[in-house]
Amino acid sequence: MNEVTRRKFLGVALGAGSMAMLPGLAFGSAKAAKTAAKQTSLATGQAMASIKALIDELRAEGRAFAADTLASDNNAQWDRLLEHYFDRKKFASISVNAANLCPSLRPVNRMSALVRDMLEADISFPMRGELAQASLGYGLSAVKDWFGLGGSDAKADFLLALTANSTMGNNFVNNGLVTSGFMDPQKDNIVVWDVNHPTNYDAWMYRKATQGWGADSIRILKTKMFSSTVTDAERKAGTIPSDPQSEDEIIAALLALVDERTKLVTLSWQSNECGMVLPMQRIVQELRAVNKNIHIHADSAQTFGVLDLKLGQVDVDSIAGSFHKWPCGPKMVGILYMNNKHGAAERFTPSIWGYDEYINTPADYGFAANTGTIDPNAKRFSYLGQQNDATLVGSWMAALFHTGQIHPGVTAARIEARIHYLGGQVKNSLFKHLPKIFPDFTPKTAAQWIATPTSNDKLRSSVYLFKAPEGIVAGDVMKHVYEQHRFAIANLKVMGHDLLRISPTICNSAKDVDDVVAAVVDVVLAMKKKTLANNTHTRSYA
């Protein structure tokens with residue numbers, strides 16, 4: 001381009017217009033916005049006015065539920081929410097697989113559709129600049145509040161970056177700590193958990209194999225599957241049971257692996273492979289007491305949208321999450337958090353150098369490429385080139401929903417309590433139905449068949465993994481449950497075990513939970529009678 005670059009053009013077009021006219025959420029009237037939206041030529045600021053008009057409409061609809069307190073076991077109120085925010089009548093199947101993918105909330109879909117239509121009509125730089133302000137400005141600020149970081153003076157985009165998914169966030173971490181000089185892979189070590197997601201376990205092994213890391217550079221916190229106990233020797237070697245009786249067992253095994261050369265501990269806050277929720281705040285405190293310089297990364301693909309994260313209190317150094325799972329947000333949008341108090345972001349050299357949604361490169365913020373410098377905060381991970389503006393703005397709606405700005409009774413704490421309640425319903429339903437296919441099953445021996453902790457409810461949420469009977473292929477069970485009962489569940493192969501997984505969230509009713517477990521057992525019994533095929537589906541999913 002000529003000397004009036006696209007970035008300078010955006011600054012001129014937006015600086016005196018939309019940026020100045022949009023303090024907080026002070027927009028023009030919804031009526032004016034709707035009228036102006038019909039025009040072929042859009043004035044600067046019109047995109048944000050149209051977005052605000054839809055937000056006002058969503059809030060007005062939500063006020064009908066203002067009296068609902070959403071106690072975790074008030075199924076009637078949660079069913080009303082479910083009916084209003086999810087178009088279940090159009091679902092071809094009911095997903096009970098939040099650990100992988102969820103349907104999007106209606107406000108998310110409506111906003112994404114609005115922005116998509118805007119872009120079909122107008123892809124000018126002024127328009128896209130307004131959409132960048134919606135997602136990176138207002139959207140990230142809403143996520144900041146959602147994460148319990150509202151008290152931080154740091155700008156939202158210095159703490160948070162919108163990525164494609166948890167995979168991208170995890171890989172920014174595992175591919176960046178050696179290049180930055182934070183870790184010497186010949187002398188230092190990291191600790192990983194063997195039931196981390198592959199992008200937070202196998203990806204580390206890949207870095208070690210391809211970058212020539214030392215033999216002791218990766219230490220593994222091991223899980224003894226389908227067990228409630230470990231020996232003292234196993235614990236001292238860094239092993240925990242899949243059904244620990246207390247968090248002390250987790251802490252003891254983890255601390256056995258950490259020393260003064262440990263640079264990073266990276267754990268799934270909730271494992272998609274064994275369903276355990278780690279006591280992250282205590283883990284942070286215990287690790288800091290041993291080595292205050294350890295970077296603690298909590299892969300939050302299974303806790304973002306599940307737990308009331310309260311990152312300001314928990315004090316992890318970084319998390320990665322996906323909007324398309326538990327938050328019921330837009331597809332292919334992720335979040336990466338870096339704790340600014342500890343200078344966490346500077347420990348990782350980003351593997352992507354491009355431009356952000358404002359169409360600015362790091363050089364436009366004073367970090368010339370030939371100096372080898374870049375933003376010393378989470379913004380360094382936001383230069384991803386062109387993204388989908390429609391889904392990025394849709395992520396703002398997910399944040400508004402989860403913080404009660406669309407549905408008044410919703411809070412992160414109430415969402416956490418509801419999902420935990422649904423997890424309790426899964427447990428009760430498994431205890432009721434599994435004896436039909438496992439004659440020796442009892443609640444006291446549940447850990448022999450259920451990988452998810454059942455002895456200590458503080459160490460689980462609603463990700464439940466359990467065995468299929470010997471000779472029954474879990475993948476076929478998953479397939480038949482879908483075809484015969486129209487439920488979407490998952491099957492995983494974990495440490496040689498062929499497992500089924502059920503993971504309900506707010507897009508599910510309590511009735512869904514009992515129905516899907518009953519459907520699994522019905523299918524297994526039919527497969528045992530050979531009225532349904534077995535050994536035909538060999539694919540497993542994470």
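Lys 432 is partly exposed, at 48% relative accessibility, where buried means under 20% relative accessible area, exposed over 50% and partly exposed in between (1.4 Å probe, protein chains only). The side chain of Lys 432 meets that of Asp 514 in a salt bridge, with 3.3 Å from N to O; a salt bridge is defined as a side-chain nitrogen of Lys or Arg within 4 Å of a carboxyl oxygen of Asp or Glu. This pair links distant parts of the chain, 82 residues apart, with Asp 514 in helix α18 (residues 510-528) and Lys 432 in helix α16 (residues 412-433). Helices (H or I, at least four residues) and strands (E, at least two) are DSSP runs, numbered from the N terminus. Asp 514 is also partly exposed, with a relative accessible area of 26%.

The model is predicted: local features need pLDDT of at least 70, side-chain atom pairs count only at pLDDT 80 or more, and totals for chains, interfaces and linings use all residues. Residues are numbered from 1 along each chain as its sequence is written, and side-chain values use heavy atoms, with hydrogens and water left out.

In the whole structure, 29 salt bridges are found. One of them joins Asp 87 and Arg 106, whose closest N and O atoms are 3.2 Å apart. Asp 87 lies in the loop between α5 (75-85) and β1 (94-95), and Arg 106 belongs to helix α6 (residues 106-121). Both are partly exposed, Asp 87 at 24% and Arg 106 at 30%. Lys 155, Asp 157, Asp 356 and Lys 379 are linked in a network of salt bridges.

An open sheet of mixed pairing is formed by 8 strands in the order β2-β9-β8-β7-β6-β3-β4-β5; two strands pair if DSSP finds at least two bridges between them. Because β2 (160-163) and β5 (239-241) stand at the edges with a single partner strand each, one side of each has no neighbour in the sheet. Strands β3 (residues 189-193) and β4 (residues 218-224) pair in the parallel sense over 4 bridges, and Val 192 has Ile 220 of β4 as its bridge partner. Helix α10 (residues 202-211) packs on the sheet and touches β3, β4 and β6 (262-268), contact meaning heavy atoms within 4.5 Å. Helix α12 (residues 247-255) also packs on the sheet, touching β3, β4, β5 and β6.

Strand β4 also holds Lys 224, while Glu 234 lies in helix α11 (residues 232-236).

Note on methods:
Axes fitted to C-alpha atoms, helices over the stretch in contact; angles between N-to-C directions.
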